Amino acid sequence: MSYRVAVLVSGSGSNLQALIDDAPGGGYEIALVLSDRADAYGLQRALHHGIACVHLPLRRHDRTAWEQRLTQVCAAFAPDLVVLAGFMRVLSAEFLQAFPGRVINQHPALLPADGGDMVTTRTGHTIPALRGAHVVADALRLGLPVSGCTVHRVTLVVDDGPLLASAEVVVLPGDDVASLHERIKTEERRLIVEVVRRLAREAR
Ligand code: GRF
């Protein structure tokens, strides 16, 4: 039985693409791509590769119904793992309970293993743990010498949860959000493939 992965995206889906490319040799299959946004390029990537894809728009005042539909749609594809790959929505306890311990997230900054507010890097810097939707800009604004990315299991606490992998990225003089984020995303694509392969292997 193959290890089934659902990928939730809100944007370009370059991490999704890394998974699509890796799946045939990686011991898993992408069973579903779902987006809250019609214009998420990740949906086009799924269509191009013949992967089931669903657009589930979130309308105002409809949050509970949307969460229920999201849970039902994902459950219908029986995923062993749900990957939040640039999915810009915070998920409810109901969703997480439907896939206990099986939802993972990518975060474009370093997070500490202890859920605290500081991270010590391998290069010996102690930097603040950046959380939220603008962490690449935050790293630049704070003048951090190093940032990075993390893959972690999702819990009810946003941008927290047991770490699965992380990588550090040096901030270069002259970096702007786009240049730093692109180098971070290069590492994210490497990490997400590594983590999903590992989880698929452990499930065998
Ligand atoms: C990644 O940096 C991820 O950490 C963040 O959104 C970005 C998604 O990039 N949450 P892409 O859509 O996979 O290219």
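Predicted model: local features only at pLDDT ≥ 70, side-chain atom pairs only at ≥ 80, totals over all residues.
## Cysteines

C149, by contrast, is counted as buried, because its relative accessibility of 1% falls under the 20% limit.

Across the whole structure, a search for disulfides returns zero. C53 accordingly takes part in no disulfide, and the cysteine sulfur nearest to it, which belongs to C74, is 13 Å away.

Strand β1 spans residues 3-9, and six of its seven residues are buried, so that the strand is largely enclosed by the rest of the structure. In a regular strand, side chains alternate between the two faces of the sheet.

Strand β1 is paired with strand β2 (residues 28-35) through seven bridges, the two strands running parallel, and within this pairing V5 has I30 of β2 as its bridge partner. Strand β1 also runs parallel to strand β4 (residues 81-84), to which it is joined by four bridges; here the bridge partner of L8 is L84 in β4. Together with helix α1 (residues 14-26), strands β1 and β2 form a β-α-β unit that is right-handed.

## Ligand surroundings

The residues that surround the ligand are G11, S12, G13, S14, N15, G86, Q106, H107, P108, H181, K185 and E188. Which of these residues has a polar backbone atom 2.7 Å from an oxygen atom of the ligand? That residue is G13, whose contribution comes from the backbone, whereas the side chain of H181 places an N or O atom 2.7 Å from an oxygen atom of the ligand. For the side chain of N15, the corresponding distance between an N or O atom and a ligand oxygen atom is 2.8 Å. Taken alone, the ligand exposes 370 Å², and 89% of that area is buried by the protein.

## N15

N15 belongs to helix α1, the helix that forms part of the right-handed β-α-β unit with β1 and β2. Is N15 buried or exposed? With a relative accessible area of 7%, N15 is buried, because this value is under the 20% limit.

The side chain of N15 also makes a polar contact of 2.9 Å with the side chain of Q106, and both N15 and Q106 are among the residues surrounding the ligand.

Definitions and conventions:
Residues numbered from 1 in each chain as written. Heavy atoms only, no water. Buried < 20%, exposed > 50% of the residue type's maximum accessible area, 1.4 Å probe, protein only. Pairing = 2+ DSSP bridges. Right-handed = clockwise from strand over helix to strand, strands pointing away. Near = heavy atom within 4 Å. Polar contact = N/O pair within 3.5 Å; in protein donor to acceptor, adjacent residues only side chain to side chain. Areas by Shrake-Rupley, 256 points an atom, 1.4 Å probe, with all protein chains shown as cover. Disulfide = S-S within 2.5 Å.
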